[in-house]
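Me: I have a structure open and would like to go through it in pieces. Can we start with charged pairs and then move on?

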Amino acid sequence: MLKLLRDYRRYDPAAQSILEILLFYPGIKAILFHRIAHFLFDLRIPLLPRFVSELSRFLTGIDIHPGAQMGAVIIDHGMGVVIGETAIVGNGVIIYQGVTLGGTSLRRERRHPTIGDNVVIGAGAKVLGAIDIGAGTRIGSNSVVVESVPPNSTVVGIPGKVIRRGIREGEELSHEQIKDA
């Protein structure tokens with residue numbers, strides 16, 4: 001958890017301290033609530049995991065199903081983020097407000113995306129279905145991604161298209177460089 005707090009501090013120059021992040025950042029609260037809900041979900045305790053996730057949603061505006069598998073994730077300005085039951089989210093992922101990791105099937109199977117490590121998902125983006133987003137990928141704001149994406153790609157548009165392969169160290173948050181081709 002300390003590493004996650006340090007990551008928040010590293011990627012948010014407005015953060016004044018670790019204490020400020022713990023007290024006032026909804027993303028970190030949502031992750032903490034999710035850890036509890038997921039633990040209870042794994043124990044197959046009825047209703048309580050959903051209660052915890054609903055309480056978290058009420059308090060933070062971030063809706064993470066207890067069944068979702070979450071690594072060390074930064075949810076920045078997280079209002080409106082929705083992460084579905086079978087989603088798998090890797091470590092070092094940054095998710096901005098309004099992102100949906102949603103399902104496209106009604107069957108009880110994997111129906112949500114798997115997000116690799118060190119992916120950045122821009123505000124309002126929708127990543128839908130049982131697809132894989134490769135490590136190191138950037139998804140532009142308001143993109144709708146419905147097909148798997150190879151590692152180290154930049155994806156924009158509706159539907160999302162890979163416009164670039166290869167991302168240099170330090171440019172993962174350079175949103176101004178993400179332009180539709």
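Me: Arg-111 and Glu-85, are both buried or exposed?

Reply: Both are buried. Keep in mind that this is a predicted model.

Me: What do the side chains of Arg-111 and Glu-85 form?

Reply: They meet in a salt bridge, at 2.7 Å from N to O. The pair links distant parts of the chain, 26 residues apart. Arg-111 sits in the loop between β7 (100-102) and β8 (114-115), and Glu-85 in the loop between β4 (82-83) and β5 (88-89).

Me: How many salt bridges does the count come to?

Reply: Five. Another of them joins Asp-132 and Arg-110, with the closest N and O atoms 3.0 Å apart. This pair also links distant parts of the chain: Asp-132 is in strand β11 (residues 132-133), and Arg-110 is in the loop between β7 and β8, 22 residues apart.

Me: Which residue does Lys-3 form a salt bridge with?

Reply: Asp-7, with the closest N and O atoms 2.9 Å apart. Both lie in helix α1, four residues apart, about one turn of the helix. Lys-3 is exposed, with a relative accessible area of 55%, whereas Asp-7 counts as buried at 11%.

Me: New topic, helices. At what angle do α3 and α4 pack?

Reply: Helix α3 (residues 26-42) and helix α4 (residues 48-60) pack at about 175°, with their axes 8 Å apart. That makes α3 roughly antiparallel to α4, because the angle is over 145 degrees.

Me: Which residues of α3 and α4 make the contact?

Reply: On α3 they include Phe-33, Ile-36 and Leu-40, and on α4 they include Val-52, Leu-55 and Leu-59. The residues of this contact divide into 12 nonpolar, three polar and one charged.

Me: And the largest nonpolar core, which residues touch the most other members?

Reply: Ile-95 and Ile-121, out of 38 residues in that core. Elements that each supply at least two residues are α1 (2-11), α3, β3 (73-76), β6 (93-96) and β9 (120-121). The largest share, four residues, comes from β6.

Me: What does Ile-121 touch?

Reply: Leaving out residues up to four places away in sequence, Ile-121 touches Ile-94, Ile-95, Tyr-96, Val-99, Leu-101, Ile-115, Val-127 and Ile-139.

Key:
Residues numbered from 1 in each chain as written. Predicted model: local features only at pLDDT ≥ 70, side-chain atom pairs only at ≥ 80, totals over all residues. Heavy atoms only, no water. Axes fitted to C-alpha atoms, helices over the stretch in contact; angles between N-to-C directions. Parallel < 35°, antiparallel > 145°, perpendicular 65-115°, else oblique. Contact = heavy atoms within 4.5 Å. Nonpolar A, V, L, I, M, F, W, Y, C, P; charged D, E, K, R; others polar. Core = buried A, V, L, I, M, F, W, Y, C linked by side-chain atoms within 4.5 Å. Buried < 20%, exposed > 50% of the residue type's maximum accessible area, 1.4 Å probe, protein only. Salt bridge = Lys/Arg side-chain N within 4 Å of Asp/Glu carboxyl O.
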